[in-house]
Amino acid sequence: MAIGWKLHGDGRTPPPGEVVRPDERLSWPRTAGIGAQHVVAMFGATFVFPVVMGLDPNLAIMMSGVATILFLLIVGGRVPSYLGTSASFVGAVAAIRAAGGDTATVTGAILVAGLVLALIGLLIHFVGGEVIHKVFPPVVTGAVVMLIGFNLAPVVANVYWPQDQWVGLATLGFAVLCAVLLRGFWGRITILLALVFGYALSWILDKTVGQITSVLPGQNLLDANGQPCTAEGPYCVATAFPHDRVDFGGVSSADWFGLPSMHGPDFKTSAILLALPAVIALLAENTGHVKAVAAMTREDLDPVLGRAIGADGVGTALASAVGGAPTTTYAENIGVMAATRIYSTAAYYVAAAVAILFGLCPKFGALIAATPGGVLGGITVVLYGMIGLLGAKIWVENRVDFADPVNLVPVAAGVILAIGDVTLKVTDDFPLQGIAFGTIAVLLGYHVLNALRRPDASGAGIIAPGEEIGGPVRRADGPGESGSGKGESSQSKDEPGGGPG
């Protein structure tokens, strides 16, 4: 059931070998403690990604709590999971803003993508996941996830890193050391630790060595004659000026309690097309996370896979309808469950309630918004690279055969089109570029080539069994089928999977 839990044993930590099931709970103080762990685990990425997308982090955190509660209700409490801010839309948002779109255009495009994801979840619920696996096989989903991440490289190079390259380098080095040296719970909050480190370092440098001179987006706008101007564009650009790395002006003026700023969406076809490829990444991500939870809880969650995907879409649509950030299930919180063996959904309700309370503190949101650009530069190098490499992870886990040109050629073309931000002007008012162009090239290229040439009897090009992310792609006809088509995925069924939200 969605609400109402049986007390596990005496309510204390479960003995070795035992687990707390989704419909069970520990004593409420211990449940609150586990809920707090979930808040910390999701916290770093949930407010970093809204910042890099130019969205209100306070609203994002509050709506993540609302979306989590909605998710738990839709899945009937069978899939314990937290819905934090999705990284899959970061590339699309950067492209929309680069094309002149404002925040309302961004959230309108995300809202439509959320509704599409919800409809796909509904389809999966009634017809099963095989149809989705056939349309979006592992070679395609892996490519889309990869191009979404790597398309963001210019954002790091041109926006964040130049603001303070030395703080960016120090933050990057700290994040890498934490990721390698820390284990367990601390290893899962590497990004949060790096952000705190970079924030503190920036404040210390302001006090010791003084201001830095660099370009801040949207500030000190000058035209070609060096005169102040108001609207950033080709003839009105941000220019370098001396400034503190950390500006607490907005923090001191913000209230302690109040609703975060909200706005309505604006719908533009060009922006929507840029956001839709993220749906493919979310399908792969949600499927992987549900399978990971099923492996840990030893329950068959296939009957609720469609509901879980649909719930994520509904959460994204609801959050973006009021100006918030997109949502997705979080591997960070799956990691907490793997470490504690406590799968109680009661802890997630606690975490959601805490997130909503955080969102109702504007001063907290102003503190997040004051994160120095150099710190974001160091963090985004790691985050964006990790997003891209999650695509490679999908390929490896499903043993995609790149000796087969049907797999190799469309992926090679699509990834370069996306990373290079290549534009195809279909009409003057309808351009395809970057992520959208790369995704269409991969999707259509794979299916067209697959239809034109069937694999031979050796089994070359058969990609992954049906049990893992993406499912079956192409199988040789007849009894001669062999090779990787009969193997198991390299990921153990007992291991949690997935990547950062």
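In which helix is Val90 found? Val90 belongs to helix H3, residues 90-98, where helices (H or I, at least four residues) and strands (E, at least two) are DSSP runs numbered from the N terminus. Before I continue, please note that this is a predicted model, in which local features need pLDDT of at least 70, side-chain atom pairs count only at pLDDT 80 or more, and totals for chains, interfaces and linings use all residues. Residues are numbered from 1 along each chain as its sequence is written, and side-chain values use heavy atoms, with hydrogens and water left out.

Let me stay with Val90 for a moment. With a relative accessible area of 2%, Val90 is buried; buried means under 20% relative accessible area, exposed over 50%, and partly exposed in between, with a 1.4 Å probe and protein chains only. Leaving aside neighbours within four places in sequence, Val90 is in contact (heavy atoms within 4.5 Å) with Phe49, Val52, Met53, Leu152 and Tyr384.

I turn now to the protein as a whole. There are 20 helices and 10 strands. Of the 501 residues, 54% are buried. Among the contacts with a separation of 6 or more, 77% involve residues 24 or more positions apart.

Next, the packing of helices. Two packed helices are described by the angle between their axes and the distance between the axes. Here the axes are lines fitted to C-alpha atoms, for helices over the stretch in contact, and angles run from 0 to 180 degrees between N-to-C directions.

We begin with the helix that holds Val90. The axes of H3 and H4 cross at roughly 140 degrees and come within 10 Å. H3 and H4 are therefore oblique to each other; angles under 35 degrees count as roughly parallel, over 145 as roughly antiparallel, 65 to 115 as roughly perpendicular and the rest as oblique. The crossing of H3 with H4 is right-handed, a term used if the near helix is turned clockwise from the far one by less than a right angle, and left-handed if anticlockwise. On the H3 side the contact is made by Val93, Ile96 and Arg97, and on the H4 side by Thr103, Thr105, Val106, Ala109 and Ile110. These residues of the contact of H3 with H4 divide into 5 nonpolar, 2 polar and 1 charged. For this count, Ala, Val, Leu, Ile, Met, Phe, Trp, Tyr, Cys and Pro are nonpolar, Asp, Glu, Lys and Arg are charged, and the others, Gly among them, are polar.

Helix H4, residues 103-127, also packs with helix H14, residues 305-321, at an angle of about 160 degrees and with the axes 7 Å apart. That angle makes H4 roughly antiparallel to H14. The crossing of H4 and H14 is left-handed. Among the residues that meet are Thr107, Ile110 and Gly114 in H4, and Gly306, Arg307 and Asp312 in H14. The contact of H4 with H14 comprises 11 nonpolar, 9 polar and 2 charged residues.

A further pair is H2, residues 57-74, with H16, residues 345-359, whose axes lie 7 Å apart at an angle of about 155 degrees. H2 and H16 are therefore roughly antiparallel, and H2 passes H16 in a left-handed crossing. The contact includes Asn58, Ile61 and Met62 of H2 and Thr345, Tyr348 and Tyr349 of H16. The contact of H2 with H16 divides into 12 nonpolar, 6 polar and no charged residues.

My next topic is aromatic pairs. Rings of Phe, Tyr and Trp (its six-membered ring) pair if their centres lie within 6.5 Å; planes under 30 degrees apart count as stacked, over 60 as edge-to-face and the rest as tilted. By this rule there are 2 aromatic pairs. Phe174 and Phe197 are stacked, at 4.3 Å centre to centre and 5 degrees between the planes. Phe174 lies in helix H8 (residues 165-181) and Phe197 in helix H10 (residues 190-208), so the pair ties together parts that are 23 residues apart in sequence. Phe174 is partly exposed at 26% relative accessibility, and Phe197 is partly exposed at 29%. For Trp395 and Phe402, the ring centres are 4.9 Å apart and the planes stand at 80 degrees, so this pair is edge-to-face. Trp395 is buried at 11% relative accessibility, whereas Phe402 is partly exposed at 27%.

Finally, a point about the backbone. Most residues other than glycine have a negative phi. Arg399, which is not a glycine, has a positive phi of about 50 degrees. Arg399 is placed in the loop between helix H18 (373-397) and helix H19 (405-419), and is partly exposed at 27% relative accessibility.
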